[in-house]
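Here are some notes for a first look at this structure. Please read them with the model open beside you.

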Amino acid sequence: MHDSPTPGAHRVLRVAVPTPLRRLFDYRADVPPSSGWQPGLRVRVPFGRRQVVGVVVECRDTGELPLGELKPVAECLDEAPLPADWLWLCRFTARYYQHPLGDTLHQALPVLLRQGRPLAGRMREQWLLTDSGRAVDAERLKRAPRQAELLTMLAQHPHGLATPAVLAQGFTREQLKALDAKGLVTRRETPRTAAADPATARLLGEPALPLNREQATALATLHERLDAFHPCLLHGVTGSGKTEVYLQLIEAVVARGRQALVLVPEIGLTPQTLSRFRHRFRVPVVALHSALTDHERLDAWEAAASGRAPIIIGTRSAIFTPLARPGAIIVDEEHDGSFKQQEGLRYHARDLAVARAQRHAIPLLLGSATPSLESLHHAQRGDYRHLRLTRRATRHAPARLELVDMRGRPRQGGLVPPVLTAIGETLAAGHQVLVFINRRGFAPTLACHACGWLAECDHCDARLTLHRQPPLLACHHCDSRRALPDACPACGSADLRPLGSGTERTEETLAAQFPQVPVHRIDRDSTRRRDALERMLAEVRRGEPCLLVGTQMLAKGHHLPHVTLVVVVNADAGLYASDFRALEHSAQLLEQVAGRAGRASHPGRVLVQTLHSDDAHLRLLTDAGYDALAAQLLEERRTAGLPPFRFIALLRLESPKEPAVTELGRHAGESLRAWLAERELAVDCLGPVPAPMERRQGRYHLQLMLGADKRSRLHEAGAWLVAWLEATPEARRVRWSLDIDPQTLA
């Protein structure tokens, strides 16, 4: 007769391991940790021929197999489980996005925790004077003058000095140890990240700015329900002071002993945001983004999980940061497409922020000058409080878009004569100009003037981009590169010419036109080095006349107070695209770019070059603004039965062999339609059809769209389709994924 197991001494553990299989695996729990077995513990387990790090999800007394047939857990890696709120969020994410739980947990962990490292931030050594050290007679150290000097220096730092700082002053470890042996100094360990500062008696490092009436009303609304789920859309024109509202909300949250999580769309915005937040607050502010080292990321993650870091700022993946005392979540530029992960676990950080805030019963603030149609729809239905900021902090109204018709006009570097004239006048007045062109490289492609040959990628249905620095042809979809040809491969002509303009060509043209002012090109190629973007922007903020040429990296949230003219080289990219969201995204980008102009003491002007100046949507945007266009687009979506009025999912199929992907797509579509008809489930199934770029990275892409009026029906159909694919042998020869709430059809 066996004794019944004690609590925490379960015999079978259900473990999620990093695998594409949508299931848990049972292991035998032979030796429990000191705290007993619990969900959230990381374990090292045998999996096939290797050992992997998994996470315990359930603890049971029995499993599907007899106990003797189960493999034992090799090692428990934690004394205490990972935070419960983090485990809940991962389980919710896996369920909602129809993704394997093991891979979801794996992606949500910092790299070092995936590898089995302890959940502990790095410590640093600090030295402080003891009471004896503060009262020591100078005569006692007369024969050790360097020790006396060291003691004097430490006396100037009553809260301690780190070992590297001591050594940097020319002292040695031996001198520190000698003082320690005499009882004059003591050593203590403090966390490297978000260490508590005993000197921080006040929360604010600098006073809050005065609020105008709209800002004060928005903040008062947020203060009404600090202890409840309270989703609000802060819809404010660029330069209207949204960040000040964020800061004062965070002040209230941190004053109550809670933590605030702030999501920003781009790494490039993180240094700017961090700087402003760290100047405002005297409490630790930590960052989480992909530019950190693995150790830095784990330090910040642990500081947030332990509660030492009251304010956490991060990009998309920071939504998975555990919080010991959650108090508020803020999503800045909530409309931005970079909050949606486009590969693997295809989650949307903004939508997970909604779910997480609801789970914790805390305020959620979504901020944008150009809100997504989904968020506007929620605000119109009353699901979100709609807070408006219509006035800029400066006395100037937001710059209006002025259309410049390019038809029939000569171009230099993509710019027409009236625009070049306006640039010259702005520079002559001592101001700065931002030229926005959303194409990297020198030109979109290389063409033969004799026969019409175009440089095309061998692996994608795309043209190769011409680069001059260094000279080559590159595909921006698969990153393949090719040397520049000496002659046309088709006809042998040497008359090869760049077609169109990219950032490099526009930069070259402007440098030749205005040699007296510096030209700063800001795109992915010019900012590869760490801190390169911040260094360039710091130079720009000095205020001297200059030209900025850049891609959408420049459009998002940067404060450029001396820019008074913004030029959009080509506004036509999203007007006639196949993706139903393209016009919304293009309008948001145009408005965000326009928002960089006239943010300080001088009014701004925005010139938008176009070949379609009579387009109705473009005219509505320039004449009445983004809000009017958004209202019309929402009505068009309602009529067409598109999100946010319906819910969609996209099955993406890809394979290097076209017949394999075509056959699986056909079979999947037929099987799903038959199942839907049998269940009488109101879900549409459209396709399969080729993706907008059918061949990319040497693989053929096909997609199947599911649509439903109710989210539950869409998920039911999606779950069946995933199970069908996993059970179908031909699906093993094709890479596939189900994208819930896709943000692009590409």
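**Notes on a predicted model**

1. F320 and Y347 are both buried. This is a predicted model, so keep that in mind throughout. The two rings form an aromatic pair with edge-to-face geometry. Their centres are 5.1 Å apart, and the planes make an angle of 75°. Where do F320 and Y347 lie? F320 is in the loop between β12 (311-314) and β13, while Y347 is in the loop between β13 and α12. The pair therefore ties together parts that are 27 residues apart in sequence.

2. How many aromatic pairs does the count give? It comes to eight. Another of them joins F25 and F47, again described as edge-to-face. Here the distance is 5.1 Å centre to centre, with 85° between the planes. F25 belongs to strand β2 (residues 25-28) and F47 to strand β3 (residues 42-47). They are 22 residues apart, and the pair links distant parts of the chain. F25 and F47 are both buried.

3. Look next at W88, F92, Y96 and Y97. Ring pairs link these residues into a cluster.

4. Go back to the loop between β13 (326-332) and α12 (349-360), where S338 is placed. Is S338 buried or exposed? Its relative accessibility is 18%, so S338 counts as buried. The cut-off for buried is under 20%. The side chain of S338 also has a polar contact with the side chain of D336, at 2.6 Å.

5. K340 is in the loop between β13 and α12 too. Its side chain meets that of D739 in a salt bridge of 2.9 Å, N to O. D739 sits in strand β30 (residues 735-740), so the pair ties together parts that are 399 residues apart in sequence. Both partners, D739 and K340, are buried.

6. What does the salt-bridge count come to? The total is 39 salt bridges. Side chains of opposite charge can pair when their charged atoms come close. One of these salt bridges joins R711 and D741, at 3.8 Å from N to O. This pair links distant parts of the chain, 30 residues apart. R711 lies in helix α21 (residues 711-727), and D741 lies in the segment after β30. R711 counts as partly exposed because its relative accessibility is 33%. D741 is buried, with a relative accessible area of 13%. Some salt bridges share partners: they join K340, R346, R652 and D739 into one network.

7. R638 and E635 both lie in α19 (residues 626-640). They are three residues apart, about one turn of the helix. Their side chains meet at 3.6 Å, N to O. How accessible is R638? It is partly exposed, at 46% relative accessibility. E635 is partly exposed as well, with a relative accessible area of 42%.

8. Turn to the sheet with the order β19-β20-β21. This is an open sheet of three strands with antiparallel pairing. Which strands are at the edges? They are β19 (465-468) and β21 (481-482), and each pairs on one side only. Strands of a sheet pair through backbone hydrogen bonds, either parallel or antiparallel. Four bridges join β19 to β20 (residues 471-474), and these two strands run antiparallel. Within β20, P471 is the bridge partner of R468.

9. How many disulfides are counted? The count is zero. C475 is in no disulfide, and the nearest cysteine sulfur belongs to C478, 3.7 Å away. C488 is in no disulfide either; its nearest cysteine sulfur is that of C451, 3.7 Å away. C475 is buried, with a relative accessible area of 0%. C488 is buried too, at 4%.

Notes:
Residues are numbered from 1 along each chain as its sequence is written. This is a predicted model: local features need pLDDT of at least 70, side-chain atom pairs count only at pLDDT 80 or more; totals for chains, interfaces and linings use all residues. Side-chain values use heavy atoms; hydrogens and water are left out. Buried means under 20% relative accessible area, exposed over 50%, partly exposed in between (1.4 Å probe, protein chains only). A polar contact is a pair of N or O atoms within 3.5 Å; within protein, one must be able to donate a hydrogen and the other to accept it, and residues adjacent in sequence count only if both atoms are side-chain atoms. A disulfide is a pair of cysteine sulfur atoms within 2.5 Å. Two strands pair if DSSP finds at least two bridges between them. Rings of Phe, Tyr and Trp (its six-membered ring) pair if their centres lie within 6.5 Å; planes under 30 degrees apart count as stacked, over 60 as edge-to-face and the rest as tilted. A salt bridge is a side-chain nitrogen of Lys or Arg within 4 Å of a carboxyl oxygen of Asp or Glu.
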